[in-house]
Every structure is written in structure tokens, then in C-alpha cells.
Amino acid sequence: MAEQKSPLLLAVQFAGERKSDSFSEAFTDRDVINLNDGTHHPEIFHGVKYAIVWKPDAKLFARLPDLEIIFSAGAGVDHILQSKDVPDLPIVRFVDPTLTTRMSEWVCLQCLSHLRQTKQYDASQSKQNWNERPQPEAKEITVGVMGLGILGQDAARKLKMLGFTVIGWSRTKKQIDGVECFDQSEIDTFLAHCHFVVGLLPLTPDTKGFYNRPLFLKLKSHPEIATPIFINGGRGGSQVETDIISCLEDGILGGVSLDVFEQEPLSLDSPLWSHPAAIITPHVAASSDATAISHHVNRQIQRYEAGEPLEHLVDRQIGY
Ligand code: NDP
Ligand code: OXD
């Protein structure tokens, strides 16, 4: 008799945004129910203990009466917690070196682009204009990383290796070699030092609309290059895009790099698309790798079934 597999539900919503096909192949010893297989699945799934979700359907959880663990297909969990019907079960978020490395690459690339003024040189090139610009060293630029979790700490260390002066801010104070760290109560002192701000905060009720005009007004300008710069790889719900646009127009911001937006995809009428001081990427700073998610989920299920504590659990009280 064939050995019975344990059911694992895979539910990745919205085809085109995050694909679910490769997940089924990764779980060879589990039955995977792929809710994104193009067919209608109105039924109640009894016996399904685990779900991997990205922007789950509001009614999904009601159809999983035996669910024991919710796995987020991303590092962020706002897409799960915003659903009113999310059951009171452990939520495990995605933490993996592949994701961390990708985010740090994106952050370093953005900081170097603004330091070396690539947008301005692109504009000169398009006009065949041989025009040398000022060249401050990285150490003259203070980059403030907001959010010193898994992603923020790695980005801070790598920015430091590139030569930037790096400072960091988080809810609770951190200790990172060579990086001066500030806690929540020290935000104004922190902001007053920053030529560049890198946002790596989760979206929670506390961080909604957080990057706004009053915050941008507290940042520091460098005398030689367009500054201050706002770089957001966290969540678009934490930024106020009308403020970003007006601050770019008023010169309160010298440039931005945005990977995340209040509404995704970014609306075709957004002036951000064509703003000469804006670098726009389509929520790809650190894409979740399906194979890495499968390994991570497998590892956590093994721990759980062996009676060991789950890793990377979300604290629902604080929302991340
Ligand atoms: P972590 O949970 O590891 O870190 C979050 C950090 O934010 C912590 O340092 C935390 O402080 C800090 N924080 C949270 N709320 C506040 C607050 N109100 N005030 C000050 N600090 C606060 O998350 P990750 O580093 O793994 O990921 C960060 C976010 O990046 C994710 O939530 C997700 O939204 C986004 N992301 C975006 C991706 C993309 O492609 N654009 C890819 C992956 C993630 P403390 O340390 O004190 O708890
Ligand atoms: C994530 C993301 O949260 O891709 O991992 O945004």
C-alpha cells in the first residue's frame, strides 16, 4: 500500500504577481493543493494543516478548518494580517539568505546610483553633453537605515563596507559594529544626520503613512549632490506618494528610489514614472525564490512535527 502523504495546501493568489507552479514539484512527500491551478476550488479542505499564502483570498481561511500554521510567501506579513478573517494560528514569515542578499544588492545599488548621480549622467548622455559632476566620497554621505531587522542589518553592514557613513533606527535599540544605532524615541536626532534614508520597515498601523513631508523636512542636504534622498524597499503603504512628489518638486527631496507603492502596480498616471529624479522598480528589490521558500517551509514543518519551536514567528501584537 502506498504511503499516505500529509496534505499541504499551497495558495498563491493573483497569477502574474507571484507564481505557484514550482511549489508543487518541491514538496515530493506532501500532497499539494495548488489553488492557483486555474480551476475553481469552492470546497472546504479538511485535513489541510499548512498553507503557504501571498495575499490570501478573504474567504480562504474559512475553508481550512484544520489549519495549524500559516506560512507567508514573503518576509512581510501585512498581506495576511490585513485580512479580518485570519485565524489565531502561528504565522511564519519567509527569512532566507537569498532574499536578504537580494535586498542588500538593491539597497547598495540605489545608494551608489544617487552618490554617483547616474540619473543626471543618463540625462547628459541623452544630450551628448560632456559634463563632469561633483564627486563626494561615500564616507561624506550619511545613510540612515530605518528598520534594523534581518534585511536592515545586512544592508547596513554592506553599505558600511562600501564606505558610506551608516546609522540605523529601529523600535528597540540595536548594536551593529561601526553603525551608530538609534531607538524609536531618538528619531529626530537620527533624521537630522541623514543625507539618504533607506526604508526597510514592515507595514503596520504604526508605520502606515510614516514617510511623509514632515519627515522629509527633517533630513539633511549635502552641498554638492542632489539630496536628501529617500529609498524605500519596505512597503508602499508606509509612504505618502503625494508628499514625495511635492517634495521632489519643491527640492525638499533631491531624489528617490522606490520599489514599493501605495497601490501596486503603480498607476499609469503617477508622475513618479517620468520624474527625472525618481528611480522606479516594480516590487522586485528582493523577490522570494520558490525553491528557497519550499526548503524553508519544509524545514519549519519538520521542526514543528518533531516538537521543536517554529522559527521566524510573527508577533501579532506588534504586527510583524
Ligand atoms: P524584520 O521584522 O526582521 O525587521 C523589521 C525592523 O523594523 C525591525 O528592526 C523593527 O524593530 C523595525 N520596526 C518595526 N516597526 C517599527 C516602528 N514602528 N518603529 C521603528 N522600527 C520599527 O523584517 P525584515 O527586515 O525581514 O523585512 C522588512 C520588510 O521589508 C518586510 O516587512 C517587508 O515589508 C519588506 N520587504 C520588501 C521586499 C521587496 O522586494 N521590496 C522583499 C522583502 C521584504 P525591532 O528590531 O525593534 O523589532
Ligand atoms: C516580501 C516581499 O515581503 O516580496 O518578501 O515584498
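The residues of the shell around ligand 1 comprise 13 nonpolar, ten polar and six charged members, where Ala, Val, Leu, Ile, Met, Phe, Trp, Tyr, Cys and Pro count as nonpolar, Asp, Glu, Lys and Arg as charged, and the others, Gly among them, as polar. The model is predicted, so that local features need pLDDT of at least 70 and side-chain atom pairs count only at pLDDT 80 or more, whereas totals for chains, interfaces and linings use all residues. Residues are numbered from 1 along each chain as its sequence is written, chains are lettered from A and ligands numbered from 1 in the order in which they are written, and side-chain values use heavy atoms, with hydrogens and water left out.

Ligand 1 is surrounded by 29 residues, of which R93, T172, K174, D259 and Y320 are the closest (a residue is near a molecule if one of its heavy atoms lies within 4 Å of it). At least three residues of this shell come from each of domain 1 (6–94 + 288–305) and domain 2 (98–280), with bounds taken from an automatic or database domain assignment. A backbone N or O atom of L148 lies 2.9 Å from an oxygen atom of ligand 1, while a backbone N or O atom of R171 lies 2.9 Å from a nitrogen atom of the ligand. A polar side-chain atom of Q184 is placed 3.1 Å from a nitrogen atom of ligand 1. Of the 940 Å² of accessible area that ligand 1 has on its own, the protein covers 93% (Shrake-Rupley method, 1.4 Å probe). The elements giving two or more residues to the shell are α5 (150–161) and β7 (165–170), helices (H or I, at least four residues) and strands (E, at least two) being DSSP runs numbered from the N terminus.

Cis peptide bonds join T227 to P228, with omega of about -5°, and E264 to P265, with omega of about -5°. P228 is placed in the loop between α7 (213–216) and β10 (229–232), and P265 in the loop between β11 (255–258) and β12 (278–280). K55, although not a glycine, has a positive phi of about 50°.

Terms used: A polar contact is a pair of N or O atoms within 3.5 Å; within protein, one must be able to donate a hydrogen and the other to accept it, and residues adjacent in sequence count only if both atoms are side-chain atoms.
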